[in-house]
Amino acid sequence: MDEDKDGYRWEGNYEKTWELIQETESGLIDNTATSAKREKRKLLHQRLSNVKLGVMRHVFLILDQSQNMDDIDLKPTRFMCLKKLSEQFILEFYDQNPISQIGVIAVKNGKSQKISELSSNINKHVSNIKALTECDGLFSLYNGLQLAYKSLSSMPSYASREVVIVAGSLTSVDPEPINDMLTNLSQSNIRVSVIGLSASVQIFNRVTSATGGSYNVMLDEQHLQELFRLHCAPPAATPTMEPSLVKMGFPPHATDGILALCQCHVDDKSKAELTTRGFTCPTCASKYCEIPVECKVCSLTLVCAPHLARSYHHLFPLAQFSETSTEDLIDESIACAGCSGGFEGEKHVYRCGSCNSYFCYTCDIFVHDMLHHCPGCESMSSR
């Protein structure tokens, strides 16, 4: 029986979630004791306000599909875990950036392949990532960046251009020196960020420094998920990003319109069908199943009002609540302004500086992550 100082070797295959549970002095479970919750609130404090942001984003996600991704330090394998978190990232990315576009590139055998083009089609991205199977060969940083550069260099200058690389390889097999590629990326204002799965690699650090991106190495699966979430919020705009008025269309949704072929599935014969439902482009009358989308006929960006509203909160984020000990509460009968529950078992509560309402930890995260408005302030303004 193999045994080391950390316990039995077979225990390494399981997550010891019971070790994260801590009790309060009264014997209740401490809901704010875990390091994961503290780290999540710390990330919220890092969000900048009063900063010019690139709300319209064009992002390429480059996935390492080399043989190094078959390692089992993430369960069941690195690549299977990466696929799952990439799908979650795409869903959350579009939830916070509804007028942005994302594309996916996979790199294996020293070659890069575009899995999906830049678009707002969430279902297509997720299905294409799920279709990725075996990992093979070596990773090529140059080829992955070159394929992303060809598409991003032609994007309009008022939009943010970004590349997010998730790599588990410690080496890169490149056909040419990367110096010229770094120059092209910098001149085109393409920001490259890297999430490492193994260890810090000097070439990744050099690429991110030259393009103004970020480089982080994950600690575990939960930390990897948090690193993905860092790229959901739009980054600060570069000084060379040109402000511009963007023409957009607000298509009406028809349920009994003219029978026509949906442009979303015109290239997919298995799903192409004539329908009377859909969104009609106000310029060329092309029909689409869902929005936001860029019209394939007239290149008009089709959105609806809630999409613009969901992008608005990035420009004016809700101020962080101040942390207060429950022992300092004057009135112990005070309830959470979010869920109306008590603060039994909580060591800390969070107070809004504007309306002085108190919130539990769960509601504090929900208000800043999802709601983006203080319920206490909104109830006071509606009176």
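# Helix packing, sheets and burial in a predicted model

Q: At what angle do helix α4 (residues 141-152) and helix α5 (residues 179-187) pack, and how far apart are their axes?
A: They pack at an angle of about 30°, and their axes are 11 Å apart. The axes are lines fitted to C-alpha atoms over the stretch in contact, with angles from 0 to 180 degrees between N-to-C directions. This is a predicted model, in which local features need pLDDT of at least 70 and side-chain atom pairs pLDDT 80 or more, while totals for chains, interfaces and linings use all residues. Residues are numbered from 1 along each chain as its sequence is written, and side-chain values use heavy atoms, leaving out hydrogens and water.

Q: Why are α4 and α5 described as they are in direction, relative to each other?
A: The angle is about 30°, and angles under 35 degrees count as roughly parallel (over 145 roughly antiparallel, 65 to 115 roughly perpendicular, the rest oblique). α4 and α5 are therefore roughly parallel to each other.

Q: Which residues make the contact of α4 and α5?
A: Tyr142, Leu145, Gln146 and Tyr149 belong to α4, and Met181, Asn184 and Leu185 to α5. Contact means heavy atoms within 4.5 Å. By class, the contact of α4 with α5 has 5 nonpolar, 2 polar and no charged residues. Here Ala, Val, Leu, Ile, Met, Phe, Trp, Tyr, Cys and Pro count as nonpolar, Asp, Glu, Lys and Arg as charged, and the others, Gly among them, as polar.

Q: What makes α5 stand as it does to α6?
A: α5 and helix α6 (residues 202-211) pack at an angle of about 30°, with axes 9 Å apart. That angle makes α5 roughly parallel to α6. Asn179, Leu182, Leu185 and Ser186 of α5 meet Arg206, Val207, Ala210 and Thr211 of α6. The classes in this contact are 4 nonpolar, 3 polar and 1 charged.

Q: Why is strand β7 (residues 190-196) said to be enclosed or open?
A: Buried means under 20% relative accessible area, exposed over 50%, and partly exposed in between (1.4 Å probe, protein chains only). In β7, 7 of the 7 residues are buried, so this strand is largely enclosed by the rest of the structure. Ile190, Val192, Val194 and Gly196 point one way from β7, while Arg191, Ser193 and Ile195 point the other way. Across the whole protein of 383 residues, 44% count as buried.

Q: What joins strand β6 (residues 160-167) to β7?
A: The two strands run parallel and are joined by 7 bridges. Two strands pair if DSSP finds at least two bridges between them, so β6 and β7 count as a pair. Val164 stands opposite Ser193 in β7.

Q: How many helices and strands does the protein have?
A: There are 10 helices and 19 strands. Both are DSSP runs numbered from the N terminus: helices are H or I of at least four residues, strands E of at least two.

Q: Why do β17 (322-325) and β19 (358-359) stand where they do in the sheet?
A: The open sheet has 3 strands in the order β17-β18-β19, with antiparallel pairing. β17 and β19 each have a single partner strand, so one side of each is left without a neighbour in the sheet. Strand β18 (residues 348-351) and β19 pair over 2 bridges, and Tyr350 stands opposite Phe359.

Q: What makes Ser299 and Ser340 stand out in phi?
A: Most residues other than glycine have a negative phi, and most peptide bonds are trans. Ser299 has a positive phi of about 65°, and phi of Ser340 is also positive, near 65°. Ser299 lies in the loop between β15 and β16 (301-302), and Ser340 in the loop between β17 and β18. Ser299 has a relative accessible area of 48% and is therefore partly exposed. Ser340, at 58%, is exposed.

Q: Where is the peptide bond from Lys75 to Pro76, and what form does it take?
A: The bond is cis, with omega near -10°. Pro76 lies in the loop between β3 (57-64) and α2 (78-96). Another cis peptide bond joins Ile291 and Pro292, with omega about 10°. Pro292 is in the loop between β14 and β15 (293-294).
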